[in-house]
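User: Please take me through this structure by way of questions and answers.

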Amino acid sequence: MKRLVILGGGYGGLKIIYSLLDQQLPEDVEITLIDRNPYFSVKTEFYTIAAGTSADKDVRQSFPDDERVQYVYGEINRIDTENEQILLDNRTDPVSYDYLVIGLGCEDNYHGIPGAEEFTESVQTFQKARLAGAAVGNCKAYGKITIVGAGLSGIEVASEIRESRKDLNIRLLDRGSSVLKAFDKKIQDHVADWFKRNDVDVFHHSNVEYVEEDGVCNNGVCYLNDVTIWTAGVQPNYLVRELPFEKDNQQKIVLNEYFQVPEQPNVYVVGDCASSEFSPSGQLAGQQGEQIADVLLAVLQGKQPKQPKPIKLKGTLGSLGKSDGFGDMMHKPVTGLLPRLAKSGVLWLNKRH
């Protein structure tokens, strides 16, 4: 048997499985997906769990039920690329592979700031988003919420909490001179205006020095705080950072044109762990997954794979609550209800296909 093991049932890993199952796989191929959860989590909607505007079931989807796929659930302890096996915490026997796809996603990067990991909430995993939602939901009336980081995640978390809890005092700490510094100025201005109209305080040029259980110290000023949510950067999963492969300056694994690790071509990497010219996103991981599936299908059939075409992203969409949003659509900045409806439409399609 040719044993294909996929680590992580996120956007990239799931796209690979669906793409392979749509094809005529050789009968000697055995696919195993390893994930900590027995379901796919819609990570782009974790901010709604943190804000309490969506139920858990709204961000969970079942994995495909197909006899050609086996599932192993548990926490991975180590990826042993020398012996080609995966070690898990809930089983004594390792899972061996002939071909491996690593799609373990990212985790928070606390940049060495004291107290940040211990005293902040997160939206990087389903479990952590649920804990953040409990903290926000249990926050006393007129309590204080601080979100550290004003990228896409921070913006969506802050706006969704505001829509969920009108009573809370919300503070957003932005390291740059403007929110969403990677976006067009039209979008930056629209988001800044939305925060002003909805009483979300934004502090630019922030420099968080340390975090405590009940406060955040920023530029020498310590703010008393009930809940702190960290959205100030990510890094590849620690299991990936430990691997003995060449990495870029963001600790992502450097790959060849076929998404293979040059040192071990039977190992593929997808999503947030793969070095790329693009920023991490579910859309990027999905497109990479489709291309990796094409490469794998050829390899499993004993053929020379075709070189994948350059990836072309369709744009980025973000929300400001349920009735406002922003995005880069057809290479043009768009704000208001249209991009919000477009984001809802993309989510609807993803859930049903």
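The questions below concern a sheet, aromatic rings and charged pairs.

This is a predicted model, in which local features need pLDDT of at least 70, side-chain atom pairs count only at pLDDT 80 or more, and totals for chains, interfaces and linings use all residues. Residues are numbered from 1 along each chain as its sequence is written, and side-chain values use heavy atoms, with hydrogens and water left out.

User: Which strands stand at the edges of the open sheet of four strands?

Analyst: Helices (H or I, at least four residues) and strands (E, at least two) are DSSP runs, numbered from the N terminus. Two strands pair if DSSP finds at least two bridges between them, and here the parallel order is β13-β12-β11-β17. An edge strand has a single partner, so one side of it is left without a neighbour in the sheet. The strands at the edges are therefore β13 (200-203) and β17 (227-230).

User: What angle does the direction of helix α5 make with that of β12?

Analyst: Axes are lines fitted to C-alpha atoms, for helices over the stretch in contact, and angles run from 0 to 180 degrees between N-to-C directions. Contact means heavy atoms within 4.5 Å. Helix α5 (residues 152-164) packs on the sheet and touches β11, β12, β13 and β17. Its direction and that of β12 make an angle of about 170°.

User: Is the pair of Phe-183 and Phe-326 edge-to-face or stacked?

Analyst: Rings of Phe, Tyr and Trp (its six-membered ring) pair if their centres lie within 6.5 Å; planes under 30 degrees apart count as stacked, over 60 as edge-to-face and the rest as tilted. The count by this rule is nine aromatic pairs. For Phe-183 and Phe-326, the centres are 5.8 Å apart and the planes make 85°, so the pair is edge-to-face.

User: How many residues apart in sequence are the parts tied together by Arg-3 and Asp-98?

Analyst: A salt bridge is a side-chain nitrogen of Lys or Arg within 4 Å of a carboxyl oxygen of Asp or Glu. Arg-3 and Asp-98 meet in such a bridge at 3.1 Å, N to O. Arg-3 lies in strand β1 (residues 2-7), and Asp-98 lies in the loop between β8 (95-96) and β9 (99-102). The pair therefore ties together parts whose separation in sequence is 95 residues.

User: Over which ring does the charged end of Arg-130 sit?

Analyst: Arg-130 lies in helix α4 (residues 126-137) and forms a salt bridge with Asp-56, the closest N and O atoms being 2.9 Å apart. A charge sits over a ring if NZ of Lys or CZ of Arg is within 6 Å of the ring centre and within 35 degrees of the ring normal. The charged end of Arg-130 is 5.8 Å from the centre of the ring in question, that of Phe-126.

User: What is the relative accessibility of Arg-36, the salt-bridge partner of Glu-75?

Analyst: The closest N and O atoms of Glu-75 and Arg-36 are 2.8 Å apart. Glu-75 counts as partly exposed at 35%. Arg-36 also counts as partly exposed, its relative accessibility being 39%.

Note on methods:
Buried means under 20% relative accessible area, exposed over 50%, partly exposed in between (1.4 Å probe, protein chains only).
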